[in-house]
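Here's a quick tour of a protein model for you. Have a look at the picture first, then read on.

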Amino acid sequence: MRIMLHPIPAGMPVTGTPVGLVDPSRLAILGGVTADRAGAVLSYDGRQPLIDGRPVQHEDIAEALWEAIDTAARRLFGPREWSSDLSAITGMNARSMMRGRIMTHGLPPAILALLGRAGSSRSPRALGHLMLAVAWTWDEAVAEGEAEGDPDAMTISPGRMSPQGQQLLQERLDALMARAMELVAEMQADSAEARARRDTKP
């Protein structure tokens with residue numbers, strides 16, 4: 001059995017929360033448009049896994065599910081250990097994302113769906129780093145608001161982002177993105193100048 005965490009196209013009949021495909025076709029593996037029979041749909045009704053709507057035991061899919069989770073997470077976060085990265089984004093304890101715990105308990109369907117959507121994006125590694133930046137910046141804003149008693153910052157709190165919190169976060173991220181682009185552009189210009197000097201040496 002092989003599982004691929006992947007978005008399921010609208011219109012496909014699904015019971016519960018869809019998270020991916022079981023034994024996907026070559027078309028799906030290559031990232032093509034998922035056809036009706038690109039694979040059986042893996043979904044969840046609560047924590048009950050379903051394959052094409054039929055209940056299965058977690059232990060019967062545990063190994064394939066772990067491999068699918070690990071593959072999607074590494075697409076997002078790179079070859080290093082990813083449990084702390086996924087924990088930062090989801091708020092779930094990192095220990096719950098270790099192989100042994102996943103083999104026994106799996107992960108919430110919302111996290112599986114997130115990995116499928118994000119991992120199948122055009123630039124998954126960049127998206128993974130951006131999601132981490134959002135999570136880190138949000139935690140930083142919450143901590144600063146609590147420490148400083150800022151009335152605007154205090155309108156945000158851990159958990160669901162309020163509209164005010166999203167606005168504050170957007171402002172911080174816009175400033176960080178502008179600074180990051182400036183620093184990378186400067187470094188690339190310096191590197192290009194250094195190469196040019198080496199190439200023109202007699």
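Let's start with a definition: the expected span of a helix is 1.5 Å times one less than its number of residues. Helices (H or I, at least four residues) and strands (E, at least two) are DSSP runs, numbered from the N terminus. This is a predicted model, where local features need pLDDT of at least 70 and side-chain atom pairs count only at pLDDT 80 or more, while totals for chains, interfaces and linings use all residues. Residues are numbered from 1 along each chain as its sequence is written, and side-chain values use heavy atoms, with hydrogens and water left out.

**The overall layout**
- The protein chain has seven helices and five strands.
- Follow the sequence and you get the pattern β-β-α-β-β-β-α-α-α-α-α-α.
- Of the 202 residues in the protein chain, 36% are buried; buried means under 20% relative accessible area, exposed over 50%, and partly exposed in between (1.4 Å probe, protein chains only).

**Helix α7**
- How far apart are the end C-alpha atoms of helix α7? They are 55 Å apart, which agrees with the 56 Å that its 38 residues (163-200) should span at 1.5 Å a residue.
- G165, L169 and L173 of α7 are buried.
- An α-helix has 3.6 residues a turn, so residues three or four places apart point the same way.

**Where α3 meets α5**
- Helix α3 (residues 83-90) packs against helix α5 (residues 109-119) at an angle of about 110°, and their axes are 12 Å apart. Axes here are lines fitted to C-alpha atoms, for helices over the stretch in contact, and angles run from 0 to 180 degrees between N-to-C directions.
- That angle makes α3 roughly perpendicular to α5 (the label covers 65 to 115 degrees; under 35 is roughly parallel, over 145 roughly antiparallel and the rest oblique).
- L86, I89 and T90 of α3 make the contact with I111, L114 and L115 of α5, where contact means heavy atoms within 4.5 Å.

- V19 sits in strand β2 (residues 17-22) and is buried, with a relative accessible area of 1%.
- Among the residues V19 touches are M4, L5, Y44 and L112, with residues up to four places away in sequence not counted.
- V19 and G116 are 97 residues apart in sequence, yet 6.5 Å apart in space, C-alpha to C-alpha.
- L112 lies in helix α5 and is buried, with a relative accessible area of 0%.
- Leaving aside neighbours within four places in sequence, L112 is in contact with L5, V19, Y44, L65, I69 and L107.
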